[in-house]
Amino acid sequence: MKNIVLLGFMGTGKSAVGRRLATAFHYQFIDTDQVIEEKTHKRVAEIFSEQGEETFRRLESEAVFDLAERTGCVISTGGGIVLDSKNLDLLQKNGILVLLRCRPEVIFKRVQKRAGQRPLLQKADPLAEIKRLLAEREPFYRRADITLDTSDMNLDDVVQQIKRKVLEIEGRESTA
Ligand code: S3P
């Protein structure tokens, strides 16, 4: 029962897809941003503004470390988790890394709904910032075991496709 670990930029649907996958597999759903907020009693945006991004990244790596030994979970990660390869090493040890992709324009539209909760996009030109961050993160995305572009897909189809691909990988591993 490997974990299913959802990676991807803000607004690619990790939380919504993760909750649905957890139900489908009867796994526990864990969200790393939520783990950090519960531990610090602060919102992610507050941690960024009061303590800075570096502190947030440290808390994020601690959360990954604490989750590393778990199995049978769907773990939805913060978009920047990929920036530290140690995070991915730990998550991949017990987990299948599933990357959700989206076109920048679609991400832009989706994140506008909760713009105040996205500290990294508090910029004069958020779309340009999304494109810049995506380009910066591109090399890290290659670690994923499964990649899916969800730009033109509905939630049901995304969940079904991931489910099928995860079962394929688990089937291959169990007969190997
Ligand atoms: C971040 C993504 C956010 C949150 C923080 C930083 C990022 O999570 O961890 O604002 O660096 O991309 P979501 O991807 O769940 O929005």
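Biologist: In what order do the strands of the open sheet come, and is the pairing parallel or antiparallel?

Modeller: The order is 2-3-1-4-5, with five strands and parallel pairing. Strands (E, at least two residues) and helices (H or I, at least four) are DSSP runs, numbered from the N terminus, and two strands pair if DSSP finds at least two bridges between them. This is a predicted model, where local features need pLDDT of at least 70, side-chain atom pairs count only at pLDDT 80 or more, and totals for chains, interfaces and linings use all residues. Residues are numbered from 1 along each chain as its sequence is written, and side-chain values use heavy atoms, with hydrogens and water left out.

Biologist: Which strands are at the edges?

Modeller: Strand 2 (28–31) and strand 5 (146–149) are the edge strands, each pairing on one side only.

Biologist: How many bridges join strand 1 to strand 3?

Modeller: Three bridges join strand 1 (residues 3–8) to strand 3 (residues 73–76). In one of them, Val 5 has Ile 75 of strand 3 as its partner.

Biologist: Which strands does helix 1 lie across?

Modeller: Helix 1 lies across strand 1, strand 2, strand 3 and strand 4 (95–101), at about 165° to strand 1. Such angles run from 0 to 180 degrees between N-to-C directions, with axes fitted to C-alpha atoms, for helices over the stretch in contact.

Biologist: New topic. What does UniProt list for Ser 15?

Modeller: The unreviewed UniProt entry lists Ser 15 under "binding site". UniProt positions follow the numbering used here, feature names are shortened, and annotations may be inferred rather than shown by experiment. Ser 15 is in helix 1 (residues 14–25).

Biologist: What is Ser 15 in contact with, beyond its neighbours within four places in sequence?

Modeller: Phe 29, Asp 31 and Ser 76; contact means heavy atoms within 4.5 Å. Ser 15 counts as partly exposed because its relative accessibility is 32%, where buried is under 20% relative accessible area, exposed is over 50% and partly exposed is in between (1.4 Å probe, protein chains only).

Biologist: And how many salt bridges are there?

Modeller: The count is 16, taking a salt bridge as a side-chain nitrogen of Lys or Arg within 4 Å of a carboxyl oxygen of Asp or Glu. One of them joins Glu 138 and Arg 101 at 2.7 Å, N to O.

Biologist: Where do those two sit?

Modeller: Glu 138 is in helix 7 (residues 126–141) and Arg 101 is in strand 4, 37 residues apart, so the pair links distant parts of the chain.
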